[in-house]
Amino acid sequence: MKWLALLASVLAGFVAGPAWADWRVAETAHFIVYANASEAALRRNAERLEKFDKALRLWRGIPESSLGKAGRVTVYFVSNEDRVAALAGSANVAGFYIPRAGASVAFVPSDLSSDGPLALGSQQVLQHEYAHHFMFTTWPDAAFPSWVSEGWAEFHATASFDRDGNLQFGSAPQYRAYELLTGNPLPIQQILAGAAGKLRADQRDALYGRGWALVHYLTFEPSRKGQLSAYLHAITNERKSPEAAAAAFGDLRALDKELERFLQKPQINGFRIRAENLAIPPVTLRLLRPGEAAILPVRIRSDAGVDEKTAPDVYADAKRIAARFPDDAEVQRALAEAAYDAGDYPAALAAADRAIAADPKFVEAHCYRAMAQMAIAKAAKDEKPETWTDIRRTIGRANRLDTEDPRPLILFFRSYADRLQWPPEIARDGLMHAFELAPQDRGLRMQAAGVLVAEKKLAVARAMLLVLTYDPHASGLGAAASKMIDTIDAQLKAGAEPASAPTPTPAN
């Protein structure tokens, strides 16, 4: 009952009203940031995010990327941790990130930074989540065991700016001091085994701190130079198990003792990137239009994800708000999404058409138009060629508006695959390009791997699937990927002709 009361109060807070009147959006090269904050505060947060991305690239020698809107991460600063937890559908969630093709999004609270030096702040939460996104998109072919993935994200979470604008990496996560210094429920052999799904709740909690300690120590300890890269290379390229790959570290008992001594050090070293090296393009910032501000609570709930139980309420709010703004493209696009999620496909189509009439270049509106058209045709069992030709015209218009947006490419592939038809080569190539644009999307990765298996490109498909088996957040997709790998291995053992697998760049 307490949880239901909390959820009701949180969702009530999302209803459009005066509290949403001062919401602003900032856009940078890699982020779109929404916050109910002053212009100065939003600009500062957006600039810090962009400089954080630049620092990651400088340190790792990664070239600057030129991203369209679909390649950027949308960040919502919501009012408090309770709202984040309600959006996540889980208590004790301080922030979360959803990797999606063309629509990756992160949610963090705006008020989680005032509880002292041992508290987990919004900046740390967001930097942790963005570090995941950076890892997934920079090294899409590398298989990172859970301790590496979470430890790497924790290492970057603690990056902080000093008063001169320099960015310091390597600080200890003070908010994990208790779990790091009061006993270890997670033996190093179990950490290096790689699978978070096999751990108890207390061990999963310890994985973050212990993962940070291992990543930090293996990065900066001279006697351990190159071992983390060798470990990851053995897993990804030599197809070794994490247990076998751990031979790269030598005597694990010796490593464990070294790690305990490291944790007792009074000062943890790192490195600094000077402010003059963190120059970024100007941030653009504006106040949301009245319609945008009114529909924002609907967008936030839709972007966080809905199901059969929650979609009708979101749709009801969307209809009520959208009736006031029939000519606002963003409002009508949000209504199209809410209607589609609730299963009202004719209403989704009508809303998408209104959005397109208001802004003919609105790619997402064309995508929802195509999705609604497909759903209506499938419900009517309409297989007429002219129907699907018209649907593909809609998809083609979306693609021409932004050839680097993966969503039209995925929809073009689906216009065949969802009807149990083998997509033509142009559709398969389009899907593979969509994956190149958005390797962080787990469902897209599975779909692309399935195409490769069908095309007998087994080694490439196996490498693509292996990433999911180690992803601690892949849930059922990881298990499905493991089964597909078993099938691939059986075919390879039987003499199937493999294609060459890509060689990833490791994170260390």
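A residue counts as buried when its relative accessible area is under 20%, as exposed when that area is over 50%, and as partly exposed in between. Arg-419, at 15% relative accessibility, therefore counts as buried. The legends below describe a predicted model.

**Figure 1. Overview of the predicted protein.** The protein contains 22 helices and nine strands. Along its principal axes, the C-alpha trace spans about 65 × 60 × 50 Å. A compact globule with 508 residues would have a radius of gyration near 23 Å, and the 24 Å of the protein agrees with this. Of the 508 residues, 52% count as buried. Among contacts with a separation of 6 or more, residues 24 or more positions apart account for 67%.

**Figure 2. An open sheet of six strands.** The strand order is β4-β5-β3-β2-β1-β9, and the pairing is mixed. Strands β4 (96–98) and β9 (284–287) stand at the edges with a single partner strand each, so one side of each has no neighbour in the sheet. On average, neighbouring strands are turned by 15° against each other, direction ignored. Strands β3 (residues 73–78) and β5 (residues 105–109) run parallel and are joined by five bridges. In this part of the sheet, Val-78 stands opposite Pro-109 in β5.

**Figure 3. Asp-303, a buried residue without a salt bridge.** Asp-303 is found in helix α12, which covers residues 290–304. The nearest side chain of opposite charge belongs to Arg-299 and is 4.6 Å away. A salt bridge requires a side-chain nitrogen within 4 Å of a carboxyl oxygen. Not counting residues up to four places away in sequence, Asp-303 touches Tyr-76, Ile-98, Arg-100, Val-105, Phe-107 and Glu-337.

Figure 4. Asp-382 is buried, with a relative accessible area of 15%, whereas Lys-384 counts as partly exposed at 43%. Glu-383 counts as partly exposed at 46% relative accessibility, while Arg-419 counts as buried at 15%.

**Figure 5. Asp-489 and Arg-462 joined by a salt bridge.** The two side chains meet at 2.6 Å, N to O. Asp-489 lies in helix α22 and Arg-462 in helix α21 (residues 458–470), so the pair ties together parts that are 27 residues apart in sequence. Helix α22 covers residues 476–493. Asp-489 counts as partly exposed at 23% relative accessibility, and Arg-462 as buried at 11%. Leaving aside neighbours within four places in sequence, Asp-489 is in contact with Arg-239 and Arg-462. Asp-489 and Ala-459 are 9.0 Å apart in space, C-alpha to C-alpha, and 30 residues apart in sequence.

**Figure 6. A network of salt bridges.** Arg-286, Arg-289, Glu-292 and Asp-328 are linked in this network. The count of salt bridges comes to 28.

Notes
Residues numbered from 1 in each chain as written. Predicted model: local features only at pLDDT ≥ 70, side-chain atom pairs only at ≥ 80, totals over all residues. Heavy atoms only, no water. Helix = DSSP H or I, 4+ residues; strand = E, 2+ residues; numbered from the N terminus. Buried < 20%, exposed > 50% of the residue type's maximum accessible area, 1.4 Å probe, protein only. Lys, Arg positive; Asp, Glu negative; His and termini not counted. Contact = heavy atoms within 4.5 Å. Pairing = 2+ DSSP bridges. Axes fitted to C-alpha atoms, helices over the stretch in contact; angles between N-to-C directions. Rg over C-alpha atoms; globule rule 2.2 N^0.38 Å.
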